[in-house]
Structure formats: C-alpha cells, structure tokens
Amino acid sequence: MNDCLFCKIIKGEIPSTKIYENEFVYAFADIAPQAPFHAVIVPKEHIKSADEITTDNSHYIAKIFEAVAEISKQENLENGYRVVNNCGEDGGQTVGHIHFHLLARRNLAWPPG
C-alpha cells in the first residue's frame, strides 16, 4: 500500500525507534505510549485488519506472537504485559494495517480504564 503509514515505517520512509525486527515482523516504539513500555508490532505484509486474516496470511499473526515472546525476553518484561489488537473504527483501529500493541511496566488493571 503506497499510502499506508505502517508500510512506510517498515520501509524506512518514516523514521521509527526500532525495538525488534525479523523477516516477517517489525516492532517499534509507540509515539504516544500508554505504558512505560509500549511497542507496536506489525507484519511486514500489508493486512488491513483482523477481518482480513486468512489461511494464506495467518502465519504472519503467528510470527507476531513469536516476536512478542522474543521482545518480552529482550526487554525483561518478567512481571507481565498486555497484547492489544484494535479492529475497525468502532474497535479503535486508527491505522489500516493490522498491528498489535505490547504494553508493560505498569499495572494494567482489567477492565481497562
């Protein structure tokens, strides 16, 4: 997608603070963090939202959760963390590229508030 913010970040066209990267996934620091540690994790393949996950692209979602485990070790998130995905306008998705927020280093009470 030529106009996708996250595709531009993945390509290095827009600067970001890289936290983790492999051939399938890119993770970077959120520009408006909601916790002391807040990473945004995106697949390098453009998938608009959770509604567009298929058998052909679902391996990217598995790779994201493998990256979550790697990042949690890399960043010493031993006290726990939360992984969030927003889907669609009512779900709070603001960028049309599936992404997951990894939040940590504070108590993340439930329900969120």
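Modeller: Before we start, a salt bridge here is a side-chain nitrogen of Lys or Arg within 4 Å of a carboxyl oxygen of Asp or Glu.

Biologist: OK, how many salt bridges does that rule give?

Modeller: The count comes to 4 salt bridges. This is a predicted model, where local features need pLDDT of at least 70 and side-chain atom pairs count only at pLDDT 80 or more, while totals for chains, interfaces and linings use all residues. Residues are numbered from 1 along each chain as its sequence is written, and side-chain values use heavy atoms, with hydrogens and water left out.

Biologist: Which residue forms a salt bridge with Lys18?

Modeller: That's Glu21, and the closest N and O atoms of the two are 3.2 Å apart. Glu21 also has a salt bridge with Lys44, where the closest N and O atoms are 2.8 Å apart. Put together, Lys18, Glu21 and Lys44 are linked in a network of salt bridges.

Biologist: Got it. Is Glu21 buried, exposed or in between?

Modeller: In between. Buried means under 20% relative accessible area, exposed means over 50%, and partly exposed lies between those, with a 1.4 Å probe and protein chains only. Glu21 counts as partly exposed because its relative accessibility is 36%. Lys44 is partly exposed too, at 29%.

Biologist: And what does Glu66 pair up with?

Modeller: Glu66 forms a salt bridge with Lys63, with the closest N and O atoms 3.4 Å apart. Both residues lie in helix H2, 3 residues apart, which is about one turn of the helix. Glu66 is partly exposed at 43%, and Lys63 is partly exposed at 24%.

Biologist: Let's switch to the strands. How many residues of strand E3 are buried?

Modeller: 7 of the 7, running over residues 37-43, so E3 is largely enclosed by the rest of the structure. Both faces are covered: Phe37, Ala39, Ile41 and Pro43 are buried on one side, and His38, Val40 and Val42 are buried on the other.

Biologist: Which way does strand E2 run against E3?

Modeller: Antiparallel, with 5 bridges joining E2 (residues 25-29) to E3. Strands count as paired if DSSP finds at least two bridges between them. Phe28 has Val40 of E3 as its bridge partner, and Val25 has Pro43. E2 is mostly covered, with 4 of its 5 residues buried.

Biologist: What other strand pairs with E3?

Modeller: E5 does, also antiparallel, over 5 bridges.

Biologist: Let's look at Pro36. Where is its place?

Modeller: Pro36 is in the loop between E2 and E3. Pro36 counts as exposed because its relative accessible area is 60%.

Biologist: What does Pro36 touch?

Modeller: Taking contact as heavy atoms within 4.5 Å, and not counting residues up to four places away in sequence, Pro36 touches Ala104, Arg105 and Arg106. Pro36 and Ser72 are 36 residues apart along the chain, and their C-alpha atoms are separated by 14 Å.

Biologist: Last topic, backbone angles. What is the phi of Arg105?

Modeller: Near 75°, a positive value in a residue other than glycine. Most residues other than glycine have a negative phi. Arg105 is in the segment after strand E5 (100-104), and Arg105 is partly exposed at 45%.

Biologist: And what about the phi of Asn76?

Modeller: Also positive, at about 55°, and Asn76 is not a glycine. Asn76 lies in the loop between helix H2 (58-74) and strand E4 (81-84).

Note on methods
Helices (H or I, at least four residues) and strands (E, at least two) are DSSP runs, numbered from the N terminus.
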